Amino acid sequence: MPFLGKDWRSPGWSWKKTEGGWKRIVCFGHDLGDNINEIDLEELCDENKENLFVGEVCDLATKKRKKDFYNNNTKSQFDFRDKWIYVKKESTRERHGYCTLGEAFNRLDFSSAIQDMRRFDYVVKLFQLIAKSQLTSLSGAAQKNYFNILENIVSKVLDDHYNPRLIKDLLQDLSSTLYILTKGVGKSVLVGNVNIWLCRLETILNWQQQLSNLQIPMQLSSGMKLSDLPLHMQNSIFYKFSDACDIINLGQATPTLHMLSEDRQLWKKLCQFHFSEKQERDLTFCSNRALTENDNVDWKLMYFTLQKHYPKREQYADTLHFCRHCSILFWKDCGHPCTANDPDNCLMPVSPQHFIDLFKF
C-alpha cells in the first residue's frame, strides 16, 4: 500500500510561538537566501475558511518557485567535483545499474573543455555525432546541458573567430536532425514538449545566421607577413596541415601560395596520412578517375575520391581516456582513482565515435 503522507526524512513544518499557541508558517518569496518572507497561514485564509488546503497549496507553490528560480539562474543542474565516470553496462554484485550517455555527458567537464584549445575540436566532433544519432537518447537534464554548452561554443567562435567552419557543420547537422524530429512528432521519441524543440530549432537557425554574417577583421600589422618568409618555409607550413580545406583556402591568398598548394607531393603525403596503402590500391583498381593519361596518380583528385569512400583519420591534441582496469572514462589531466600497479599501461585514448559506442546497449 503506498504511503501518502509526508516523507519521514524531511525536516518537517516550520512553526512560531505566539500568545495563542504555536502556529505553522510557510516560506514564501523568490529569494533563496536568508531574507525569506514568512507568512502566517491564517493570514492567507479568508474569514469564511473556503480554502481548506491553503497550507498544502502554499507548500507546492513555494517548492515550484524555488525550483524555477534555481533552473533560471543555473546553466547546468550538475556540478560534479570528480570529472570521471565509471562506465558500466550491466549489474554486478559490487555495482548495480548501468551508465547512460546522458549521465556521462553531465559528469564529464565539457564546459571547461571547450575553453581549452586542445580539446575544442574533440568536443565539437562529439557534439556533432550526438546531434546525428544520439540526441533522442539524452535525458531532459542532459539536453539542457548540451544546448547550454553549445551556446558557449557559438559564443566562443563569434568572439575569437576560432574554426567557424567546424561549428557550422555541427549546427547544420543539428538543425537537420531537429527538423526531422519535429516534423515527425508522434513517430519519434522526443523528451520534452515539441514547442521547446521548435524554440531550440529557431535558436540554431539564428546562430547559423550569425556565423554566416561573421566577418574576420584584417590584421593591420607592419611586421613580417607570411609572404615575406622564404619559399621553403612557406612550403613547410603547408605540410603541417592535415585538412584539405585549410590547404585550399590558404592557397587562395597569393599566386605563390596557390602554386605551393598544388604540389603533387603535398597531396600524396596527405593521402598517406589519412588513408592506408590498401585503400589507395583498391580504389585505383576499381576506378580510373584518379589516373592521368600517363598513369601517374593525381594525388589531389585521389584524396577527394578516397574521402568519398573511406573515413579520414581523426587527430586531436587531447582526448578522453578509458582505463581498462577500472572501466573509468576521464580526462587525462584530471586523473582518476586507479588501483592498477601500472596505470599508464591500462589507458586507452577514446575517439568521439568510440565514446558513443561505449554507451550503446
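The model is predicted: local features need pLDDT of at least 70, side-chain atom pairs count only at pLDDT 80 or more, and totals for chains, interfaces and linings use all residues. Residues are numbered from 1 along each chain as its sequence is written, and side-chain values use heavy atoms, without hydrogens and water.

**Fold.** The chain holds 15 helices and seven strands. These are DSSP runs numbered from the N terminus (helices H or I, at least four residues; strands E, at least two). Of the 361 residues, 34% are buried. Buried means under 20% relative accessible area, exposed over 50%, and partly exposed in between, with a 1.4 Å probe and protein chains only. Among contacts with a separation of 6 or more, 61% join residues 24 or more positions apart. A contact is heavy atoms within 4.5 Å.

**Largest pocket.** Its volume is about 1500 Å³. The lining has 33 residues, and Asn163, Arg165, Leu166, Asp243 and Asp246 are the closest to the centre. A pocket is an open set of points on a 1 Å grid over the protein atoms alone where a 1.4 Å probe fits, with protein on both sides within 12 Å along at least five of seven lines; lining residues have an atom within 4 Å of a point. The volume is the space filled by probe spheres set on the points, which are joined across faces, edges and corners. The lining divides into twelve nonpolar, nine polar and twelve charged residues. Asp, Glu, Lys and Arg count as charged; Ala, Val, Leu, Ile, Met, Phe, Trp, Tyr, Cys and Pro as nonpolar; the others, including Gly, as polar. Helices H5, H7, H10 and H12 each supply at least two lining residues. H5 gives the largest share, seven residues.

**Nonpolar cores.** A core is a set of buried Ala, Val, Leu, Ile, Met, Phe, Trp, Tyr and Cys residues joined through side-chain atoms within 4.5 Å. The largest has 51 residues, and Leu329 and Phe355 are among those with the most contacts inside it. H5 supplies its largest share, nine residues. Another core of 16 residues lies apart from it, including Trp267 and Tyr303. Not counting residues up to four places away in sequence, Leu329 touches residues including Trp84, Phe322 and Phe355.

**Thr182.** This residue lies in helix H7. Thr182 is buried, at 12% relative accessible area. Beyond four places in sequence, Thr182 contacts Trp197, Leu198 and Leu201. Its side chain also reaches two backbone oxygens, tabulated here. A polar contact is a pair of N or O atoms within 3.5 Å; within protein, one must be able to donate a hydrogen and the other to accept it, and residues adjacent in sequence count only if both atoms are side-chain atoms.

| Thr182 side chain to | Distance |
|---|---|
| Leu178 backbone oxygen | 2.7 Å |
| Tyr179 backbone oxygen | 3.2 Å |
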